[in-house]
Amino acid sequence: MVHCSRLRVDGGAINPASLAFSGPLTEEELRSGLRTTLIGRRILALQETGSTNQVAMELAAEGAPEGTVVVAEAQTRGKGRFGRTWASPAGLGIYISIVLRPPIPSDRVPVITLIAGVAVAEAIQEATGLAASLKWPNDVLIRGRKAAGILAELDAEAEVVRYVVVGIGINVNQGLEDFPLELRESASSLKIGLGHEIQRTVLAQCLFEKMEAWYLRFLREGSTPILQRFEDLCINLSQEVRVRSEEGLLEGLATGIDPEGALLLRLPDGSLVRVLAGEVTLRKD
Ligand code: BTN
């Protein structure tokens, strides 16, 4: 397990001074003391862009090496799932995209989203002490409200993956007033959870380290360890859920996640279905 120990003193307590607010996310700061060999080997730090995923997809298509990171202070067309936008106000969140070139068939790519979710939750926990949980497939929650999301996009031909871009948005120093009105009931940020601002650089470095550790472990050992960790952190398993997916609205018991990252749903008629993508709510909500 990776420990982002630069944040801690005396073997465990968090050093508040190291978490104080700092300036923009620069390549130099992100590189300083970074203990990865893959993620962040090339970093493009932008002041403002449409979408870091878009930039990373273009770089990947031009041959950017695995581990290339694109980060922006602000996004003007930040992409969320299902064609939604991701609110990306300047200087408040972490908006990052990572280029990966996993030697896996394209039907395993959904596991990469789960890896990113675990990496974000563990980085938040270690950098701030806040407990983060996961909602399949891509939401990271603080006290039940969404504080981060993941959007993985891929380029593949005949089941062979050329590259995957893992886009990660974390609400870090936003106050409630920084979210669009329609999100104020459901969104959160680390600042809201903690009651003070935190330094984005340290959290981003911690995220790179967690992401690298879990990604390399997945390539070595397959999906079992990461699925177990995801299931530990996941709040919508063993629950009666409602899933809005391309196949329509499904209701049933979420029983687990299969090796390709699909949600397994036991329907009222006893049959088991695999859901590859969808929006899950608990049925009591
Ligand atoms: C979601 O929960 O809907 C996914 C949100 C993903 C947002 C991130 S921010 C960095 C990267 N660039 C984008 O345009 N989107 C992702």
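Analyst: Strands here are DSSP runs of E with at least two residues, and helices are runs of H or I with at least four; both are numbered from the N terminus. The model is predicted.

User: Where does Pro137 lie in terms of these elements?

Analyst: Pro137 belongs to the loop between strand 6 (132–135) and strand 7 (139–142). The peptide bond joining Trp136 to Pro137 is cis, with omega at about -5 degrees.

User: Which value of phi does Phe82 have?

Analyst: Phe82 has a phi near 55 degrees, which is positive although the residue is not glycine. Phe82 sits in the loop between strand 4 (68–75) and strand 5 (94–100).

User: What is the mean pLDDT of the chain?

Analyst: pLDDT expresses the predictor's confidence in each residue, from 0 to 100. In this chain the mean is 92, and 92% of the residues reach 70 or more. Over residues 8–20, however, the pLDDT is below 50, and this stretch has 24 contacts in the model beyond near neighbours in sequence.

User: Which domains does the assignment give for the chain?

Analyst: The domain assignment gives domain 1 as residues 5–233 and domain 2 as residues 240–282. Taken over C-alpha atoms, the centres of domain 1 and domain 2 are separated by 25 Å. Domain 1 brings 15 residues to the contact, while domain 2 brings 14 residues.

User: What area is buried between domain 1 and domain 2?

Analyst: The accessible area lost when parts come together is often used to give the size of an interface. Between domain 1 and domain 2, the buried area is about 1200 Å², with carbon and sulfur atoms giving 56% of it.

User: How many residue pairs are in polar contact across the interface of domain 1 and domain 2?

Analyst: Six residue pairs are found in polar contact there, with both residues at pLDDT 80 or more. On the side of domain 1 that touches domain 2, the elements giving two or more residues are helix 3 (110–128) and helix 6 (224–233). The residues of that side comprise eight nonpolar, one polar and six charged.

User: How many salt bridges are there in the whole structure, and how many between domain 1 and domain 2?

Analyst: The search of the whole structure finds 19 salt bridges. Between domain 1 and domain 2 the count is one. In the salt bridge of Arg84 with Glu279, the closest N and O atoms are 2.6 Å apart. Arg84 is in the loop between strand 4 and strand 5, and Glu279 is in strand 14 (residues 278–282), so the pair ties together parts 195 residues apart in sequence.

Technical notes:
Residues are numbered from 1 along each chain as its sequence is written. This is a predicted model: local features need pLDDT of at least 70, side-chain atom pairs count only at pLDDT 80 or more; totals for chains, interfaces and linings use all residues. Side-chain values use heavy atoms; hydrogens and water are left out. Domain bounds come from an automatic or database domain assignment. Contact means heavy atoms within 4.5 Å. Buried area is the accessible area (1.4 Å probe) that two parts lose on being put together, summed over both. A salt bridge is a side-chain nitrogen of Lys or Arg within 4 Å of a carboxyl oxygen of Asp or Glu. A polar contact is a pair of N or O atoms within 3.5 Å; within protein, one must be able to donate a hydrogen and the other to accept it, and residues adjacent in sequence count only if both atoms are side-chain atoms. Ala, Val, Leu, Ile, Met, Phe, Trp, Tyr, Cys and Pro count as nonpolar, Asp, Glu, Lys and Arg as charged, and the others, Gly among them, as polar.
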